[in-house]
Amino acid sequence: MPGIPNIEAVGIVIGAGLTLAIFSYILGDNPLYRAALHLFVGALVGYSFGILFRDVLVGMVWNQLQDNPITVVVPLVLGILLLFKGFPKQAYIGNFSVAFLIGVGTAVALGGALLGTLVPQIGATGRALGSISLDGLLIFVGTACTWMAFYFTARRGPGLAGVWGQLVRITGGIGRVFLVFAFGIAFAGALTASLSVFIGRIQYLIDAYWKVLAGG
Amino acid sequence: MIHCPKCGAANRRGSRFCNECGEALPMRTALRCPMCGTMNPVGNVYCDRCHARLIPMAALPSAEPEAEPEQAPIKGPSLSTIPLEEQRERAAEDKVTGTEPGGVDWLSDLSEPGVTAETGAIEEAEAEEAADWLAQLRATEVTGETEAVEEVETGKTEDWLAALREDDASKSVEARVAGADETGDWLAEFRDAALEEAEEPEPAVPVEAVDIPDWLRDMGPIGSDAEAAPPAPEPAPPVVEAAPEEPVAAPGEIPEWLQEVAPPEAAPPAPEPAPPVVEAVPEGVSSVRPLVEFPVETEISEAPDWLSELEAEPLPTPAPAAPALEGIAFAEIPDWMQAMRPRPAQAEAIVEEEPLETGGLLRGLRGVITPAFAIEAPLVGESAVPPEVREAGLSRAQLLQSLLAQPDEISQPKPLMRGPRVSERIQRWLVAIVLIATAILIVLTAPGISMFYIPPLTQPAAAPESSQRMDLQHLMGTYDTIQGLSLAPGESVLAAFEYGPTEADELNLVAEPLLRHLLGRGAHISIVSTRPEGMTVAAGLLERIVESDDQYTKDQYSLTNYRPGNATGVSQLLVSPGTPPNLILVLTAQPGPLRWWIEQTQAQGEDAPPMVAGVSAALEPAAGPYLAGAGKLKGAVSGLGGAAVYERKLALSDSDASATRQLNALAVGHTAIVALIIVGAVLYALSGLRRREE
Amino acid sequence: MDAGVIPGTFLLLLSLLVLLVVLILRGRKGPIPSVRPLPAFQDIRTEAGYAAESGGAVHIALGNGGLYGEDSVTSLAGLQVVESLADIAVSYGAPPIITVGDPTLLPLAQDVLRRAYERNGAAESYDPGKVRFVAPSPVAYAAGAANLVATGKVTANVTTGAFGHEVSLLADAGARRDLPQLAAAADPAAIGALYPTTDRLAVGEELYAAGAQMTDERRYLTSLVAQDILRLILILLMLGSAVIGFMGR
Amino acid sequence: MSSLIKRWIPTLLFTVLPGLVVLAGYLLPSNQTLVDFRHELVEWAVIVAAFAFLLGVFNILRVHGRQVFRRRQGWFYSLVLLFAMVAAATPPTTQAILEVVRPDSPVHKTLEDATSTLFNYTISPLGASLAALLVFTLTLAAFRLLRTRRSAGTVFFLLVVALVLLGTTPLIGLEWLADVRDWIVNVPGMAGMRGLLLGVALGTIITALRVFLTIERPYSES
């Protein structure tokens, strides 16, 4: 095998074998697939843990602890408290850490939802209508109706509430048509993406065949 | 009308809360618990007090008249588009299929007249899968999860079960025939059904029934083949024999009259499949026996703890148990048992027979059965409940009892009709073959022949409302932004590799033309990522690109460590010291990273560099709303299609245009998938029509 | 970003906060709002019952969201399903099997189960192994959870939390065993992938109504009212921005 | 006292306060102190989350270790998993420890290479293959969609899927499909997607506010 270092050839064969093992799922769930899957899950967890250990626990915490311990003492304490969650009897001690994670995470999500989605999307929809075109109108109506499709508290009944409920139902019905469009597109996009990956895998197998078996 | 206890206001019947003051209404009850008599709110599936099931298993909650208006019209986008009549059907089906992976197809196919032998064979193979699962379940139920049982291999389990069945059938045939004489005509229905099925005795059938709570709710659907009933008792004998001091070992056992009911039908066909199997008996039985030595080694964490509690609970209830041990007088039969039997006359006959079960493998069955009665007896009347029975144990026993009360309602088997059901396996193989064949086309079609249309990328018209396709506009925006870069020495482009190996097969191809364009413009690319795998993927890709062309050099890119912290990581990457980048290229298959980069870049204000993105086709719809809005994001390339157009614009050579090379396969793959969808739609639409005609 | 955006957002958030507080204070008494039912959530209890009867367990997949990032709220919403199911499942003695794809979610999901056991006076029966951390990446998580569904004593497959289109692997495992599948997802790709395979599907915003749907508690129901009011305000705002844009032309 | 420690201190000090600081950093981006604070807090969360990963590893060891030791069904797969986990974790962990203990060790490069080799030849092909399986499961789902759901909406869904797929890579002669797809994606699809995203944002905001108003306290003992 000229030009291919040995380790690469072995690696490619292993990779191709594992690919085939995973693909055997298509023919049905089987021990080969399960073994490959468990290998993957295990290796990924191990790898992620290793990287996390190297880059965060040592890279960030340990090194900071040497240089500027004040900045990491709080997260370090919280992290160690979190480990109490591993013991059911003392688990409540870790509540502080979980509470902290939730607090920060919720704020990040809230900020992202407000500034990342809500405000720009409302603005963009408004702009679409402002541009006065059939498509712009459609986008506006579609967005508003889709949003109304999620309305939770409308009720049937007489009087004003009933009329309002009727309105919510009609707009929601229109919105669901747009939702099906969105789902269809999302589904097709997922199909295209996974088909691309699938083709890439087949290509990989063929390449492996040429490189190692046919070439060697 | 219900009057609120707090404010006295009158409320509509069925209201849960007072319309005036919001107080919970005590009379919000409508369903009377069949077990304890407690009144429960409409919509409750289980009794608030004793946890007994209120709504028959045969019907979904939606089938219950009062709950129906709530459930049936599916409002809102929860898109439960299963038609109502089918919901019920599915509900009935779910009963059957809920826990029996292998049995599903088999059963439904049995009810189909036109099943070919071939399908049968396939299904049989699937039924074998069930045995495996069964071994687990059995272990759980009989002995409280003793590991040894789990190791009983698939084949063995089936074998010894079948063998037990056979053994049992031959030894106690007389007793059963006697029983058969007295069983009423409802049984005759079973018999008829069984005769129909008799031609293909299935090893899987005994398997079906062992799951005790389950088989009861399966009674209805399985009723079409009466074979299902007899095997259930079989597991009991070995246990009881070996551990007589544990008479309560299997409290969930089926009442004996039921064991008697079906065997006469099952017996004739049984010998046929059995003989080859008989040899397995010693081995099979021996694999079971040892565990009986430690049947109480229960593990709380696993499912059987409710069972093991049952074992413990009934003991302090001597009063009801005593008569049962003496052979169960008629008067002791609780009324739920009465409900199970279509005619009381049968019950008498059956109960009389119980003492007859003294020989063969069934010897000792009485010991199993009686505790079952002991559990259920207290539930009939409150007075019978001794105070020492714990609430939890009682409620579980009641749950069991409510289960046992079901068969009456669901013993009307509904034919499971889903049109001519193509076997699960055939469907899978069809889809798999089409997909693989399509992908192999990559090899067969020379890269030069293009079967698809790549639109040329031209300058967009000045007006934003140009008629040009939106995705082409995004592509053009990307191209123009990169083309328009003025790169002074020392300045660089920031490339964020926000994807891992699972997405690399697609995104590498999307990234490649963009990176080639940048490298060709002489840009220095500094690579960043907020994912640990991102760096490794990027290194591999860039190494390959740089090697492919002498024009590019290795020092045109630099790698750093990954930066954890998601959005915060992004913002810290952006403000990190050094010259700010001229351009940010984000490569991702997930909406999060794209959004973080867009947001964080825009947060930098007016001086922030422009952005372009290379995204997965799966992300395109979600990214659309972000792409459409004006801002720092100047353009995007999405999916292989976009990458191919971009490659054409760059006029890359055939060997460098990786995306274009795979576009053939993609185009054909899309066509194949659409063809499959159409075939599937036509197939099932036709079957639906046929069903309607019938 | 326009100069007016940040203060505008601030104002919006503040008014929303006030609205929510007022509604909650008012909601302590008065009529309980009636809410559109979502079968995806309401059927989960029924499935828990089936699971108890058959000695199996409901599998609840909580997805890949962690607690410290953008997905935290989605994961919390998914967790509400576990929370409202825990008590009944524990009293049946058939706790659900919960899988998580991010380790930060693990202690939280375990806590929910543990507390349910403690409330039921069976703290010693609690098994932390009922909550499993599968793998930290989406595809690995979906495949690992799918394997659990394929091999475990699972009687129903509940998918609720942060997912992408890889959830299709999980749904396929359920379909293979013909399990009842209930799902709630917010991500469009996940919804697309779940739409064809699940019996009951709650999409987008509906995921965040899990608590209200499953518990009927006032604190959840009143917040749905706030959500609806805010929705109307924002649609009007959208119309307003269109009008302003039109005027400005 | 106990309720103070178990409930209110975690709530106020550890959830609401950091949350508000982070939020303020979002809403007042001009205030550099707040933005720095926000970064610091999120960085802390990253570190705490890294400790959570330890919990995750313990959990895996517990679940799969039990499986192996008790020889439960499928114990062999658990063994494979545990083995792979240890094997993959060893090189980077050793490297990290060495970096602290002996920063100038020549083994670093070898360990780093081992890490990336392991990644390139096992994790990477396995992950990509699993992702490729999705095309199979997705197609299968679409194939039999009409079996379980027969409704106009379903047919419509399939129609949209087919048009978008064919329009992504139009075969020669079917170029017009690309324009159809473009319209579907950018007009009705965009509208539906926006409605969905806006709804999700709204749900997120409300749920987040519930957390900050301490109506929802999943972290505190009941």
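The model is predicted. Chain A touches chain B through 37 residues of its own and 32 of chain B. The contact between chains D and A takes 98 residues from chain D and 97 residues from chain A. In chain B, helix H31 carries a kink of about 30°.

**Chain A against chain B**

- The contact draws 37 residues from chain A and 32 residues from chain B.
- On the chain A side, the elements that give two or more residues are helix H2 (31-67), helix H4 (95-130) and helix H6 (159-214).
- H6(A) gives the most to this side, with 21 residues.
- By class, the chain A side splits into 23 nonpolar, 11 polar and three charged residues.

**Chain D against chain A**

- Here chain D supplies 98 residues and chain A supplies 97 residues.
- On the chain D side, the elements that give two or more residues are helices H1 (2-27), H2 (32-69), H3 (75-101), H4 (107-143), H6 (152-168), H7 (176-186) and H8 (188-212).
- H4(D) provides the largest share of that side, 21 residues.
- The chain D side has 74 nonpolar residues, 20 polar and four charged.

**Helix H31 of chain B**

- Helix H31 of chain B runs over residues 658-693 and has 36 residues.
- From first C-alpha to last, H31(B) reaches 53 Å, close to the 52 Å expected at 1.5 Å a residue.
- The kink in H31(B), about 30°, is centred on B:Asn664.

Terms used: Residues numbered from 1 in each chain as written. Chains lettered and ligands numbered in written order. Predicted model: local features only at pLDDT ≥ 70, side-chain atom pairs only at ≥ 80, totals over all residues. Contact = placed C-beta atoms within 7 Å. Helix = DSSP H or I, 4+ residues; strand = E, 2+ residues; numbered from the N terminus. Nonpolar A, V, L, I, M, F, W, Y, C, P; charged D, E, K, R; others polar. Expected span 1.5 Å × (residues − 1). Bend = angle between axes of the 7 residues up to and from the residue.
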